[in-house]
Amino acid sequence: MVRAAAQIFIDDDQGYLAWQAAHPDLYVINAKRSLNPNNLVLHRTTCRTVSGTPTRGSQWTGPYVKICGTRSDLDAYPTARPCRICLGS
Ligand SMILES: [Zn+2]
């Protein structure tokens, strides 16, 4: 079986939250809806900026969308910057 590649959640908070609950050990890229490659931030699924209660407005997957997967799935987005909170050294 071929493993699924990165999943993108747009206007689908329920899907995103379900994915997050199922994959607490994976990674999430927070992206503008346009997927502007200059505005991508890589987080651990459990980072407080991408889980819990949304910090920007009331949606997780509205103006900003979530690209979810393993680290290698997300290698498809090489311009993503690591979050300083959850991936900072
Ligand atoms: Zn983070």
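Along the chain, the donors of the zinc ion follow the spacing H-x3-C-x35-C-x2-C, where donors are N, O and S atoms within 2.8 Å of the metal (3.2 Å for Na, K and Ca), and sites may look incomplete since water is not among the atoms. This is a predicted model, in which local features need pLDDT of at least 70 and side-chain atom pairs count only at pLDDT 80 or more, while totals for chains, interfaces and linings use all residues. Residues are numbered from 1 along each chain as its sequence is written, and side-chain values use heavy atoms, with hydrogens and water left out.

**Zinc site**

- His 43 (ND1), Cys 47 (SG), Cys 83 (SG) and Cys 86 (SG) are the protein donors, lying 2.1 to 2.4 Å from the zinc ion.
- Cys 47, in the loop between strand 3 (40-44) and strand 4 (64-69), and Cys 83, in the segment after strand 5 (81-82), are 36 residues apart, so that the pair links distant parts of the chain; strands (E, at least two residues) are DSSP runs, numbered from the N terminus.
- Cys 47 counts as buried because its relative accessibility is 3%, and Cys 83 counts as buried at 5%, where buried means under 20% relative accessible area (1.4 Å probe, protein chains only).

- Five strands form an open sheet of mixed pairing, in the order 1-4-2-3-5; two strands pair if DSSP finds at least two bridges between them.
- Strand 1 (7-9) and strand 5 stand at the edges, each with a single partner strand, so one side of each is left without a neighbour in the sheet.
- Strand 1 pairs with strand 4 in the antiparallel sense over three bridges, and Phe 9 stands opposite Lys 66 in strand 4.

Conventions
Helices (H or I, at least four residues) and strands (E, at least two) are DSSP runs, numbered from the N terminus. Buried means under 20% relative accessible area, exposed over 50%, partly exposed in between (1.4 Å probe, protein chains only).
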